[in-house]
Amino acid sequence: MENPEHPNTENQKPIHQSNKFGQWLKTSITARMLMVGTLILVLLIPLTYVNLLIEERSYRQQDVVQEINQKWGNEVMMYGPILKLPYKTYSETSTFNEKTKTYLKETKTHINFAYIFPEKLDIDASVKSKTLHLGNFESAVFTSNMIIEGNYKQPSLKDKGIKNEDIIWEKASILFRTTNLKGIKNEMAINIDGTPYLFETNYNDNTSGKHLDELETGFINEALLKTNFKFNMKVTYDGSEQIQAIPVGKTTTMQMTSNWADPGFIGNYSPNDETRSITKEGFKVDWKVLSINRAFSQKYLKKVPSLKPFAFGTKFVVLVDEYQKSERSAKYGFLVIGLTFLIFFLIQTMSKIHIHPFQYLMIGLALVMFYTLLVSISEHSNFLKAYLIAGVSVVLLITLYSKSILRNFKFSALIGLSLTALYSFIYVIIQLKNYALLVGSIGLFLILATVMFVSRKIDWNNG
């Protein structure tokens, strides 16, 4: 018979150890820190999915912008006119005749082409810009009216070792190379000393979206080429994103006026700072490029090398890139979650209030939801409104939830104010460019100093 005065201590030992472990989880600072750290790492998983969502929507925006541009007209890059001048070269071959035991010399004539750039080239571009929308996305498009004029000196290839009598003057033509053929809105012709010559397309089987198509005139009147001559032409483009020209003139100038308020000047040359004017109503700029400023010559034999690296012009930028701002904001997600959990941890430690891991998890998920709200709302509104709506929603949700957890208005108000300050701080950093690192470093230093000051009274020996 069992003795009731001596219960089974072996069965009670696991229960006692279990209670002791549970008590350690509730009261130990080390346990709380491990739990909070683990939850932060777990919450990085949904935060990663948020970043993937932003990236996916950004790619979708690029696809839609490309679709808009393809329907309206693509970016413009052009250069010309170029004088295409055929010339003869000769080669001799010797053939040994077995019967006569002599060598027969044969002279072959080859036809090649020289390409000559103008002495002076002036481009005057008047650009009317606007934004086109497709769903929630937009792209910058424009209609550009261009007047191109200049002059040539009497062509000569003597400096290339070609005699005048070997030039086939009657078969000379003018080339003009450009992208975005489908965006051209007028019949193109070049007037040479008052005589018009129409351009026709030379087919190019290059399937690249940014290759230069070639337009060529018929044969130029030989008499015009034996003297100095002037030219002028007009072209109207429907295009998108940017306009660039290649400075093929020995002296090239380009003037550009537009109603677009946010231009970006791109390429190998910058516009004149002294005459540049940019206002809310638009901009007016001009460039001047001399032959000494570029690393290519005025004449080429057989073919012209790629001159794209020497292009310059204007990019019509849609400055408000909501996805880029959302992506930058999401990069601070780890910081927001970590600091918010740190505030709850300090309150829990200093006030002896118990916060369950599930409650930490709910707070963390609410913080992650901020970014999905931000991305979805910014697609239908501007970034500031989306940030305010998402921020206010999440701050109110967590503040009210923390009031039920902490059962103290002062603590919940502290949580609300801390989150408001944190989101405001991140918004300021997002808006800054040159000073983002400086302001961010100072802000983090102040946060660290505050945490060190608040935590100095905690008894860390309560392991």
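In which helix does S402 lie? The answer is helix α7, which spans residues 383–406; helices here are DSSP runs of H or I with at least four residues, strands are runs of E with at least two, and both are numbered from the N terminus. The structure is a predicted model, in which local features need pLDDT of at least 70 and side-chain atom pairs count only at pLDDT 80 or more, while totals for chains, interfaces and linings use all residues. Residues are numbered from 1 along each chain as its sequence is written, and side-chain values use heavy atoms, with hydrogens and water left out.

S402 has a relative accessibility of 0% and therefore counts as buried (under 20% relative accessible area; exposed means over 50%, partly exposed in between, with a 1.4 Å probe and protein chains only). Once its neighbours within four places in sequence are set aside, S402 is in contact with F344, R407, S412 and I415, where contact means heavy atoms within 4.5 Å.

For Phe, Tyr and Trp (its six-membered ring), pairing requires centres within 6.5 Å; planes under 30 degrees apart count as stacked, over 60 as edge-to-face and the rest as tilted. Both partners are buried: F370 at a relative accessible area of 0% and Y387 at 6%. The count of aromatic pairs comes to 21, and ring pairs also link F142, F265, Y269, F283, W287, F312 and F316 into a cluster.

Turning to a loop, Q298 sits between β14 (282–290) and β15 (299–301). With 15% relative accessibility, Q298 counts as buried. Its side chain makes a polar contact of 2.4 Å with the side chain of R294 and reaches the backbone oxygen of V248 at 3.5 Å. A polar contact is a pair of N or O atoms within 3.5 Å; within protein, one must be able to donate a hydrogen and the other to accept it, and residues adjacent in sequence count only if both atoms are side-chain atoms. Not counting residues up to four places away in sequence, Q298 touches Y115, I116, F117, P118, V248, G249 and K250.
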